[in-house]
2 protein chains.
Amino acid sequence: MARTGIATVCLSGTLEDRLNAAAAAGFDTVEIFEADLIASPRSPEQIRDHIAGLGLTISLYQPFRDAEGAPPQRFAATRRRLRAKLELMDRLGAGTLLICSSVAPDTIADDDLAADQLRQLAELAAGHGIRIAYEALAWGRHVSTWEHSWDLVRRADHPALGLCLDSFHVLSRTDRFAGIADLPGDRIFFVQLADAPRLDMDVLQWSRHHRLFPLQGGLDLAGFTRTVLASGYAGPLSLEVFNDVFRQADPHRTAVDARRSLIALQDAVDTPGEAALGNAVSTGIAFAELGVGDDTDTGPQLETLLTALGFTHTGQHRSKPVQLWEQNTARILLNSGVHESAIHAFALESTDPEAAARRAAHLLAAPLPRRRRQSEADLTAIAAPDGTEIFFCRTAPPSLPAAETRTTPLGDSAPTAATRTTPLGQHGWLDDFLPTGETPAPTTGVTAIDHLSLAQPFDRYDEAALFYRTVLGLIGDEASEFAAPFGLIRTLAIRDPERRVRITLSVPVLRRGDWAPAVRHPQHLTLATDDLPRTASALRSAGVPLLAIPGNYYDDLDARLTLDPPLRTRIRDLGAMYDEDAHGHYLQLFTPVIGGRIFLEIVQRVGGYRGYGFVNDPVRMAAHREQRLHAHSPR
Amino acid sequence: MARTGIATVCLSGTLEDRLNAAAAAGFDTVEIFEADLIASPRSPEQIRDHIAGLGLTISLYQPFRDAEGAPPQRFAATRRRLRAKLELMDRLGAGTLLICSSVAPDTIADDDLAADQLRQLAELAAGHGIRIAYEALAWGRHVSTWEHSWDLVRRADHPALGLCLDSFHVLSRTDRFAGIADLPGDRIFFVQLADAPRLDMDVLQWSRHHRLFPLQGGLDLAGFTRTVLASGYAGPLSLEVFNDVFRQADPHRTAVDARRSLIALQDAVDTPGEAALGNAVSTGIAFAELGVGDDTDTGPQLETLLTALGFTHTGQHRSKPVQLWEQNTARILLNSGVHESAIHAFALESTDPEAAARRAAHLLAAPLPRRRRQSEADLTAIAAPDGTEIFFCRTAPPSLPAAETRTTPLGDSAPTAATRTTPLGQHGWLDDFLPTGETPAPTTGVTAIDHLSLAQPFDRYDEAALFYRTVLGLIGDEASEFAAPFGLIRTLAIRDPERRVRITLSVPVLRRGDWAPAVRHPQHLTLATDDLPRTASALRSAGVPLLAIPGNYYDDLDARLTLDPPLRTRIRDLGAMYDEDAHGHYLQLFTPVIGGRIFLEIVQRVGGYRGYGFVNDPVRMAAHREQRLHAHSPR
């Protein structure tokens, strides 16, 4: 595996903050971005020692601008400037200098001149034992393609002059990079990697503000990397990402995200088309755990709601204040030991929980301490970027001879009580719950957890998307951006190929400020029902309020769509929201916000609808705002 | 003056939040953006009554999309959709509907068909007494120019069909809009105004995220508006601004900003090339007032610093805990009655303070209550967007027969003490200060206040830029964007034409989050000296520390620039920072941060340098970070 590097400009803070973060995340080497060094109070020697003390090397000093194609007088100043920087690099112990192609307006379009000047500069560098890696900026004045930069390097023909290839500069301009594989690998002195979303804008602004770590954007980083490695390049793969968010986010978190992207990239390069460690497949959401929080109202509210929804409190944890509620395959834990009411944790049903845990560790997911008793199930847990705890499990039926007390149906194909004994050595997490003996309520139609919706911390959205895809082996699905009452919101769905695990992530386009009275980091749990009218009727009978959807919404629905009259009437009568796609349609009900940031959604997918109803989110959010304005308690 | 309107989509919050804010800011009329109505729990009739109760009218309902050029089957659905919306508009009491040009992929490029369909829709609308204003979206599938939209309206030839002109859609595509003046004004049914910075990007994304209020961007809003009015158009001038920041900022503040932009635009249209009420010219900064704050260290630190800088505590306010410090024409007030150490206030020296105050009121600047005693000077004060208090004054010499106690020089051309009597009726603000009789210190070279630097609240940056330009009658100067240690920063200088009043505004590109340990809303006061070495030496003698600039900065300066050796040595010896432009050069010294967010800068402009040293800000910020890390107290 290639050595992993990161440019200091990817991270936030002082130079020390950045170096320390890079080392802590396990990078092998760093690029020193000149502005970060200039702003440091440490001398080059002190910086060199600090970096060595961290176990890092310096693989590149950068950038040196406007070198080649200079008019004679300016070139004299350029030589003088280079000498000063070479002396600095001697002090720093940096062996390779990046020269990026000139952007100065007076640059001369003369390849012979440019090559000759590059040769002269390489000769100067060679005197210091330093190599020059020449890079074509995508917006270079005359040199803006990798082919052109290679042509100049070839013409200059100096052993201290080679190529620097940056995935952004190449891929932002062209998909034709296969020829890189044919370059002599030892003439490629450095490789920088950056991804980016595909944006139609000025390439310089695109590069300066919107770069992302590999696999976070829309460029073909795996193909590019594979091609570069095919040339025989044996240097580090180093990240150079200019990103407005990363520039102001905790550098320790960003550095881990960055290194995760390189590990995932390497996996994608090694095994194209396959998820790394793909033998751990997530086959469902085993449970969602709601923190009840410190507000004394929230617990009773949640219990009333679950009861009305047809859930039964089937189990009580052996050692923790955690209740198990079940209906068909939907399992919800209520944890009153958690201080905030939130989706505190969820568990992924996995074909191989141990392999899933290994993949998570390989991808630098933060493990959570195991706080179990000897007799309890040993579930591996990791922390998602927003702190949500994620467990990997394979739900075995309870091993207790509890036929008489555990009669809650566990789905259509649930084993009968008699078969619910665990084979030797398969101690299941359900065994951690003592049966309450409560009489199961008749199902209201709720069959399963449809998906989880988790608002992400502003600084961690791109990290979260990569985390859920790589660490959990899921794939990106529908993305959306919409205008909520208090600002624009981005949202992205992540799912397994079979649509058994679905999670939506959301984030405001701008970090919310003092004014916006929106729910901070809202989360919701969406339950699937196969009979929405029945579920709604059960809630109504129990006197549980649902979120009131405005009449204007239905008028607009009628204007936009030509629905069958019975369906049209049913939607309005249910107080449901509606969406449709090429496959089918979607009916949605919502509870009010409970305990500050969580609510439940109940949905019915008819005819194979595949979406998440994002189109309805603005109206739903306005309705939640209305509910919070007019009722402090949802009951 | 035209009626002023605003689209609900410009503002943040629920529909009520938006309507209330528009009314409070004094708008005459609103455009109802459909999504805002759909999300409202109020019925159309309730909304109509609420709007009427606020004293507003509804001038437009919008948008109706994908109308013209539709294949026959879709057009039938479009007619049905239009009928539903016309019924809604009847209930709402809205008389004009915006139809924007089709973007649907199946739109047919047939002007005869499109005109005929528009005529049919206009006929439907006419049956409800409703008019249709047809607008060319800049990204319309076939109709994307104002000329094309006018051609269709002309062909359709229906009295209920006219044109909607939107400055963004026109100016984002062309500078050729003079022909609009020749259109029949009564065929222009509506005019929407939006400015935007000039960006090289996809026009749809540019429009959705980056629109600004008039005069906040780079488009020719005054020329466009003048041209539209020349046609005879007599309807409202209505704002339609999609902006990521405004969408999540306090709508009451945004609405005032919005209406200010329309007032300033109207002034610019009425008197092209001249500042409105231009007889009030700002000729300098009369004083800057520093709040001392509640930290007991800050007052003594500031007094020590001012003393070391050569200032003398010349006066004590008659009724408030405010000290007057003077040196040449630089006057600093220390106000220990203010809870936060900050640039609490400043005063603009004005040729006509009353006219300046009238201009401020005309432009909706928030007046501050006058808290003076009978005998004290009557200064008008307004609040800047960040809360800074701004006074308008004409500094009269003190009227006291205080020749023996007030001998502080007031600049080269300061009147002698004998002439410092105020003419009858010209009670000056200096009279509010009782002379302390302190012996003036010898000047250290400090001559004046060079400029003020005020970080702005994230949500208020564009408002602030417009406020300083229009309310204070200043002009925009140099703008910059740079990478500070904790993220990108935007900065903009504002000044009077003669460079006597200079203020720089700054804001992070993204709102800072929990991590970034930067100074929150830093402010600084920059003093001009005509002899930086002398000022520095005075500070050194007094044992006052200056901000330590890293050696790497000087090494880079030497590499980049070919400075005269004596200057090069002087810069390093002084610990100064350096910048140069076509006119001259600039030397800068900084104090540490005092009291949480303020510091002083001392500069010497040599040979007419015109800038602000923005290029040095990243290193200066890193140095301030270093100082704060290693010393809790600057002494």
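Leaving out its neighbours within four places in sequence, A:His524 is in contact (heavy atoms within 4.5 Å) with A:Ile343, A:His451, A:Leu452, A:Ser453, A:Phe599, A:Glu601 and A:Arg620. The model is a predicted one, in which local features need pLDDT of at least 70 and side-chain atom pairs count only at pLDDT 80 or more, while totals for chains, interfaces and linings use all residues. Residues are numbered from 1 along each chain as its sequence is written, chains are lettered from A and ligands numbered from 1 in the order in which they are written, and side-chain values use heavy atoms, with hydrogens and water left out.

A:His524 lies in strand β22 (residues 523-529) of chain A, strands being DSSP runs of E of at least two residues, numbered from the N terminus. With a relative accessibility of 8%, A:His524 counts as buried, a term that denotes under 20% relative accessible area (1.4 Å probe, protein chains only).

The UniProt annotation "binding site", from an unreviewed entry, covers A:His451, A:His524 and A:Glu601; positions follow the numbering used here, feature names are shortened, and such annotations may be inferred rather than shown by experiment. Although these residues span 151 residues in sequence, no two of their C-alpha atoms are more than 9.4 Å apart, so they gather at one spot.

A:His451, placed in strand β18 (residues 446-455) of chain A, is likewise buried, at 1% relative accessibility. Beyond residues up to four places away in sequence, A:His451 touches several residues, among them A:His524, A:Glu601, A:Tyr586 and A:Arg605.

Methods. Helix = DSSP H or I, 4+ residues; strand = E, 2+ residues; numbered from the N terminus. Buried < 20%, exposed > 50% of the residue type's maximum accessible area, 1.4 Å probe, protein only.
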